[in-house]
Amino acid sequence: MTWFQHTDVRIDRPTIEELLDRTVSEAVERLSIDRLNRVLLLPPDITRAHAGVGWMTEYLYNQLTQVGAEVHVIPTLGQHVPHTPEDNRWMFGTIPEERIHAHDWKNGVTHVGTVPAEVVRTETGGAVDWEIPIDLNTMTVTEPWDLIINIGHVVPHEVLGFANHNKNYFIGLGGKRTLGAAHMASAVYGIENNLGNLLTPVRRCFNYAEDHFLGDLPDVYVQVVMSYDDTGSLIHTGVFVGDDLDTYLDAAKLSREQNITVFDEPVDKIVAVMQADEFRATWVANKAVYRTRMAMADGGELLVIAPGVGRFGEQPEVDDLIRKYGYLTSAEVLALYPDSDDMQDIPHGTAHLVHGSPEGRFTITYAPAHLSKEEIESVGYGYLDLDEALKRYDPAVMKDGWNTMDDGERVFFISTPSAGLWSTRERLYDRVT
């Protein structure tokens, strides 16, 4: 069960710091730790910096080093671009650069086990029949640690229903084979069958892997939930600490209550802003697509204002894949996949082609800073000049929710798509699971 939790209409920073102190003291007692010699902190990467996980990591680092621990940090990047030293300073403050290690999803992993094909088949209701090899960050699973602290933001997620918990290991610190098999399984099962569900098929497979392969890790999860206040600012409303599945479920249930906006009718136009300091590729900026697709009306338009976006994929080979094929429907991808060596080589990239597709239902228009009209249109999206988008839909003027423009256009504005899920009532409650 959850070790402890704290929920409120607003949780301030001093209170969270007290809860982080309690996390360390309870971990020492509950996990029977004699001495904290070496501690590993596993925060999310920069795309979740808005959740305050950077300063939480810095606080833990400072507290632990003051009592003599050697502390290391691995941002759980998955296959995202590693942080620059400037990124690390911006997110983690005073933590020395030499104590922050970049996850290498290709060459820096160790095989710890395999989720059998029959388990995957059962959990996906027969939709998928391949195994999921579990290759994880070598430093995490082979070096001696007295304590591992996972820090993260629980929010609706397109693969796992809700982010965080053991996603930190299997996606954030996973290897190429793990990322590929898991993402492709989620795409085949259907993104709209995953979003907002507490236990998706891939989440159940990861729970199997954690139970069977990571039982010896001395770890604990610190999970935060956030919501909007009356001014439209994101604030912390929940902190959940523990080392088991209940910790995730308790946090995810609060996120489900606070982070899902339900519409009675589909929305004709949504305008979403992806912050320049966090989202630099459509790979991550497409959270705007993932989190709003269940709200979009057939024939509607999603406009993504993305002043930091200058590429498609986080990695060169994924960028090449997106440029080659564009964003395709699930049927198109499944038809091409068996005979496409490049799709099979990076199946997590192939899954992204599906996740970022409107499936022919609505249109997606991008207003990026560093991709041309020709580039955007080549992948199947519409293009709008960034200055024009910012002039018409100024984030400093627009308010979260419904806005009526001077010419009568009515749009739904979302300032932080990565912090929630938007859906019609029918699509949220009338689906496979």
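## Two loop residues

His165 has its place in the loop between β8 and α6. Helices (H or I, at least four residues) and strands (E, at least two) are DSSP runs, numbered from the N terminus. This is a predicted model, where local features need pLDDT of at least 70, side-chain atom pairs count only at pLDDT 80 or more, and totals for chains, interfaces and linings use all residues. Residues are numbered from 1 along each chain as its sequence is written, and side-chain values use heavy atoms, with hydrogens and water left out.

Most residues other than glycine have a negative phi. His165 has a positive one, near 60°, and Asn164 has a phi near 80°, positive too. Asn164 sits in the loop between β8 (161-162) and α6 (167-170). Is Asn164 buried or exposed? Asn164 counts as buried because its relative accessibility is 3%; buried means under 20% relative accessible area, exposed over 50%, partly exposed in between (1.4 Å probe, protein chains only). His165 is buried as well, at 1%.

## Asp87 in its helix

Now for a helix residue. Asp87 belongs to helix α3 (residues 85-92), and it is buried, with 9% relative accessibility. Leaving aside residues up to four places away in sequence, Asp87 touches Ile46 and Arg280 (contact means heavy atoms within 4.5 Å).

## A domain from the record

An unreviewed UniProt entry lists residues 16-186 as "domain: LarA-like N-terminal"; UniProt positions are in the numbering used here, feature names are shortened, and annotations may be inferred rather than shown by experiment. That span is 37% helix and 19% strand, and its end C-alpha atoms lie 34 Å apart.
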